[in-house]
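The sequence and structure come first.

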Amino acid sequence: MAWFRHPYHFDKSSIKLAHITDSHLFCDEMGTYFTVNTADNFKRTLSYMATCHLDAVIFGGDLTQDHSVESYQLFAELVRVSELDCPVFWLPGNHDELTELEQISLGQIHSNKHLRLNGADIFLINSKGETPAGWCEQQHLFELHQMLLCSSEQVLAFSHHHPVPINGYLDKHILENGPALLNCLVNSNKAVRLVHGHVHNDYQSTYRTMHVMATPATSIQFTKGTSQWQQQDRGPALRIINFGINGFDSEVIWLDE
């Protein structure tokens, strides 16, 4: 399948990974997003992850805020000079361009979208649509369905957009065909979680029998429970995940709390 071709193999039955998302970088390290220096937050996140003995990092999208080529190059350079020594994988957010993400997929940064363990599988889903809202193309969902048919019995999925409402401002930019994606995963009887970014805070919900959870941003957070745009500077955050044949567990880490 085109999106999921070239799987990346981990020769182990469980892995420890970090999910980070929504870095919103600029063309240089001095760029600020609502007064927050996002490059500084990203560097702090990389430094923390370097102490965690990770097998992989999954970046959940919205790398850039100013849509500059230099912001992608900054991401790659900050990863390169950090002490993080595990592979970094990515999926696109609504701010991102696939061609620019592919350009930085060298060395430590990988473009694989199917991560294979001994007895478990991880799929990185493309939810980037033509607007800030998300959309999974029918062909993409068909490819995912085909991959699930031949996958292991334990599957973990990641997307950028949220597929179920959070009752907040970002619902105007939800994954518009979220139920189609979720039903594809649930009907497989294999998917244990869908983890996403985009909403800039920590959320937990359930769709049918599957848990859905959001990871906060490395940049800024958006206030929960309001239909108005409200941002918070709570410092960078990430999710540490243990996943494999024995199941799934995770913890959100707030670096300033």
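## Residues, cores and cavity

Ala2 is found in the segment before strand S1 (8–9), where strands are DSSP runs of E with at least two residues and helices are runs of H or I with at least four, numbered from the N terminus. The model is predicted: local features need pLDDT of at least 70, side-chain atom pairs count only at pLDDT 80 or more, and totals for chains, interfaces and linings use all residues. Residues are numbered from 1 along each chain as its sequence is written, and side-chain values use heavy atoms, with hydrogens and water left out.

Ala2 is partly exposed, at a relative accessible area of 44%; buried means under 20%, exposed over 50%, and partly exposed in between, with a 1.4 Å probe and protein chains only. Between the C-alpha atoms of Ala2 and Gly60, which are 58 residues apart along the chain, the separation is 20 Å.

For context, most residues other than glycine have a negative phi.

Asp55 sits in the loop between helix H1 (38–49) and strand S5 (56–59). Asp55 counts as buried because its relative accessibility is 19%. Its side chain makes a polar contact of 2.8 Å with the side chain of Lys12. A polar contact is a pair of N or O atoms within 3.5 Å; within protein, one must be able to donate a hydrogen and the other to accept it, and residues adjacent in sequence count only if both atoms are side-chain atoms. Neighbours within four places in sequence aside, Asp55 is in contact (heavy atoms within 4.5 Å) with Phe10, Lys12, Ile15, Lys16, Cys86 and Pro87.

Phe158 belongs to strand S10 (residues 155–159) and is buried, at 0% relative accessibility. Phe158 and Ile125 are 33 residues apart in sequence, while their C-alpha atoms are 5.9 Å apart in space. Not counting residues up to four places away in sequence, Phe158 touches residues including Leu17, His19, Ile58, Leu91, Leu194 and Ile241.

A nonpolar core is a set of buried Ala, Val, Leu, Ile, Met, Phe, Trp, Tyr and Cys residues joined through side-chain atoms within 4.5 Å. The largest has 27 residues, of which Phe42, Met49, Leu54, Val57, Phe75 and Leu84 touch the most other members. Strand S2 (14–20), H1, S5, helix H2 (69–81), strand S6 (88–90) and strand S16 (237–244) each give two or more residues to this core. H2 gives the most, with 5 residues. Another core, apart from this one, has 23 residues, among them Trp3, Phe123, Met147 and Val155.

How many cavities of 30 Å³ or more are there? The count is 1. A cavity is a set of points, on a 1 Å grid over the protein atoms alone, where a 1.4 Å probe fits but cannot get out; lining residues have an atom within 4 Å of a point. The largest cavity holds about 80 Å³ of space. Among its lining residues are Ile166, Tyr169, Tyr203, Phe222 and Trp229. The lining divides into 7 nonpolar, 5 polar and no charged residues.

Key. On a 1 Å grid over the protein atoms alone, a cavity is a set of points where a 1.4 Å probe fits but cannot get out, and a pocket is an open set with protein on both sides within 12 Å along at least five of seven lines; lining residues have an atom within 4 Å of a point. Grid points are joined across faces, edges and corners, and a volume is the space filled by probe spheres set on the points. Ala, Val, Leu, Ile, Met, Phe, Trp, Tyr, Cys and Pro count as nonpolar, Asp, Glu, Lys and Arg as charged, and the others, Gly among them, as polar.
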